Amino acid sequence: MSDNINKVSVVLGTQWGDEGKGKLVDILASDIDVCMRCQGGNNAGHTIVVDGVKYAFHMLPSGLVNEKCVSVVGSGVVVHLPSFFKELEDLEAQGLDCSKRLFISDRCHLVFDFHQIVDGMKEGELGRGSIGTTKKGIGPAYSSKASRSGIRVHHLFHPDEFEKRLRTIVAARFRRYGEFEYDIASELQRYRELAERLRPFVLDSVEYVHKALREGKRILAEGANALMLDLDFGTYPYVTSSNTGIGGVCTGLGIPPNRIGEVIGVTKAYTTRVGGGPFPSELTDEEGQKLRDVGAEYGVTTGRPRRCGWLDLVVLRYSTAINGYTSINLTKLDVLDVFDEIKVAVSYTINGKEVTSFPADLDDLATATVNYVTLPGWNQSISKCRSFDELPENCKKYVHFIEKDIGVPVKWIGVGAGRDEMISI
């Protein structure tokens, strides 16, 4: 096949999520025809600010803010239908017209309320070792999928088969957890109504994306969560339940690797994560709180305060190796305006040995000493800068330091929350 074939551009998170992927997707959506979510569920949280209006996305593709862009929820996404419609209603109440440009794959697995109940029970079982899930039922839904007992969108349109499958899977959960409160008759009736409401949105997303590629449409794949939360390559078991890296794009949308074009890694200028799990460069002192307050680091989906720390290049190198970023969007660089000095993690020392790659063993991470390089801050606001040349010299040096270390160019720099507060290089 020719190298000139039409390819899908990809936006992925490089750290533990919350890097600001939605803002870049929104900006890129002005030049694309189709925006597709490839994995995750309504456990994601993307905030887009346009003309002072905040749009909160959880499950729906961020391309919806651009009214010429078609958005598709791909087959790798697990979908809680009540949340799907609630999110859609909220966006439309803010003035977005999503009619005839939002679609959902008929292969998507469904998240039910019993999945959310089980999610809380599983966290309770783990006790002190809980991973800090969003309790949205995402993990249990993917578990149903992996155990081949899941229910997909297309099952909704065969009522007898749907009822049989739902009763079977709920009975299995009752055997596992005891008979928790769950009115299956009401749930069946609710989903009969939801099925008819959903029908106009449903399509064969595999057929759709390949037809769009043949027609030369510009397609953008939007990842949710981030590489360090990947089920295989993240800080397991403190991860999400899907493949959040480049592999999840192929499996979640049904496209082969040779259809992947530009891969943009979205990287916060420092590091944050939500929930439990290792975080080598975490700051638990006043500087960590300063990052949290200046960066408004509180979750879109949960409202939870995020854990904050310095940029970790060990993480970023590892993420780059797996996802093959062709460019980087460095976000929230303006948050560092108020620091006299800025530290960057460049390696770990584990059992007396310097390590420059991210280890799999969480016990090793727990004992790791982080080795930092300290760079001078710039102590002035960059929020009005609209070109790289306008940035303070020390700010430029910080960007170049990152580029040189990971070997990937920084193509966009976020200097504020608004759509227009982005430097394109």
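This is a predicted model: local features need pLDDT of at least 70, side-chain atom pairs count only at pLDDT 80 or more; totals for chains, interfaces and linings use all residues.
Residues are numbered from 1 along each chain as its sequence is written, and side-chain values use heavy atoms, with hydrogens and water left out.

Reader: How many residues of strand 15 are buried?
Author: Strand 15 covers residues 327–331; strands here are DSSP runs of E, at least two residues, and helices are runs of H or I, at least four, both numbered from the N terminus. Buried means under 20% relative accessible area with a 1.4 Å probe and protein chains only. By that cut-off the buried residues of strand 15 number five of five.

Reader: Which residues of strand 15 point the opposite way from Ile328 and Leu330?
Author: In a regular strand the side chains alternate between the two faces of the sheet. Ile328 and Leu330 point one way, and the residues pointing the other way are Ser327, Asn329 and Thr331.

Reader: Which residue of strand 19 stands opposite Asn329?
Author: Strands pair if DSSP finds at least two bridges between them. Strand 15 runs parallel to strand 19 (residues 410–414), with three bridges. Opposite Asn329 stands Trp412.

Reader: How many residues of the lining of the second largest pocket are charged?
Author: Asp, Glu, Lys and Arg count as charged, Ala, Val, Leu, Ile, Met, Phe, Trp, Tyr, Cys and Pro as nonpolar, and the others, Gly among them, as polar. The lining has seven nonpolar and 10 polar residues, and the charged ones number eight.

Terms used. Buried means under 20% relative accessible area, exposed over 50%, partly exposed in between (1.4 Å probe, protein chains only).
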